[in-house]
Amino acid sequence: MEVLPSEVLRLASPHQRAELRPSDLARRFGVVFKTGSPDAHAVNRLLESLGFQVRTKGEMLDWTPTAKGWPFATIKDLPKNAGTGRSERQLFWLDTLLENTEVVQGLERLGRECLSKVKRRRTVQSDPDLH
């Protein structure tokens, strides 16, 4: 009988979920500024308007999940920030949030709006009558 190293025997847990920051959601759905960087603020405002979180600036977290949001949320303690020298807590969203049609439709709408703004800017910049 062959003995396998313990690394080979370890299987990924089926309960492990991806943990996403608002910026990850923004990037995935094209919710970006004209520079291409993700607009996490727009995602946070959307999740607030859908009732998944509330603004708690000045508290332990800037955003806190509501009863509707807790099944999709996790709070993590992150290592010390090089700039401030202190650790911080951050809200992450489990990828199961993307099984919610309301959230996905909202993120897709925000992404289309961002794309539309970029297209309008390009059209205005390339219009010869404006130069």
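These are my notebook entries on a predicted model of one protein chain.

**Ground rules**

I number residues from 1 along each chain as its sequence is written, and side-chain values use heavy atoms, with hydrogens and water left out. Since this is a predicted model, local features need pLDDT of at least 70 and side-chain atom pairs count only at pLDDT 80 or more, while totals for chains, interfaces and linings use all residues.

**Entry 1: overall layout**

Helices here are DSSP runs of H or I with at least four residues, strands are runs of E with at least two, and both are numbered from the N terminus. From the N terminus on, I read the order as α-β-α-α-β-β-β-β-α.

Next I checked burial: of the 131 residues, 31% count as buried. Buried means under 20% relative accessible area, exposed means over 50%, and partly exposed is in between (1.4 Å probe, protein chains only). For contacts (heavy atoms within 4.5 Å), I took those with a separation of 6 or more; residues 24 or more positions apart account for 45% of them.

**Entry 2: confidence**

pLDDT is the predictor's confidence in each residue, from 0 to 100. The chain has a mean of 82, and 76% of its residues reach 70 or more. Helix 1 (residues 6-9) has the lowest confidence, at a mean of 45, and helix 3 the highest, at 97. Over residues 1-11 the pLDDT is below 50, and I noted one contact for this stretch beyond near neighbours in sequence.

**Entry 3: helix 3**

Which residues of helix 3 are buried? In this helix (residues 40-49), I have Ala42, Val43, Asn44, Leu46 and Leu47 down as buried. Just after helix 3, glycine 51 takes a positive phi of about 85°.

**Entry 4: the largest pocket**

Rolling a probe the size of a water molecule over the atoms shows where empty space is left. The search ran on a 1 Å grid over the protein atoms alone, and a pocket is an open set of points where a 1.4 Å probe fits, with protein on both sides within 12 Å along at least five of seven lines. Grid points are joined across faces, edges and corners, and a volume is the space filled by probe spheres set on the points.

The largest pocket has a volume of about 470 Å³. Its lining has 19 residues, and Leu61, Asp62, Glu88, Arg89 and Gln90 are the closest to the centre; a lining residue has an atom within 4 Å of a point. Helix 3, strand 2 (53-55) and strand 5 (88-94) each give two or more residues to this lining. Strand 5 gives the most, with four residues.

I sorted the lining into six nonpolar, seven polar and six charged residues. Ala, Val, Leu, Ile, Met, Phe, Trp, Tyr, Cys and Pro count as nonpolar, Asp, Glu, Lys and Arg as charged, and the others, Gly among them, as polar.

**Entry 5: salt bridges**

Side chains of opposite charge can pair when their charged atoms come close. My rule for a salt bridge is a side-chain nitrogen of Lys or Arg within 4 Å of a carboxyl oxygen of Asp or Glu, and the count comes to eight.

- Aspartate 24 and arginine 27 meet at 3.3 Å, N to O. They sit three residues apart in helix 2 (residues 22-29), so about one helical turn separates them.
- Lysine 68 is partly exposed at 37%, and glutamate 102 is partly exposed at 35%.
- Glutamate 113 and arginine 109 meet at 3.0 Å, N to O. Both lie in helix 4, four residues apart, about one turn of the helix. I also noted a network: Arg17, Asp95 and Glu99 are joined by salt bridges that share partners.

**Entry 6: two residues up close**

Valine 54 is in strand 2 and is partly exposed, with a relative accessible area of 37%. Its C-alpha is 5.4 Å from that of threonine 64, ten residues apart along the chain. Leaving aside neighbours within four places in sequence, valine 54 contacts Asp62, Trp63, Thr64 and Thr66.

Leucine 98 is in the loop between strand 5 and helix 4. Not counting residues up to four places away in sequence, leucine 98 touches Leu20, Leu25, Arg28, Phe29, Val104 and Leu107.
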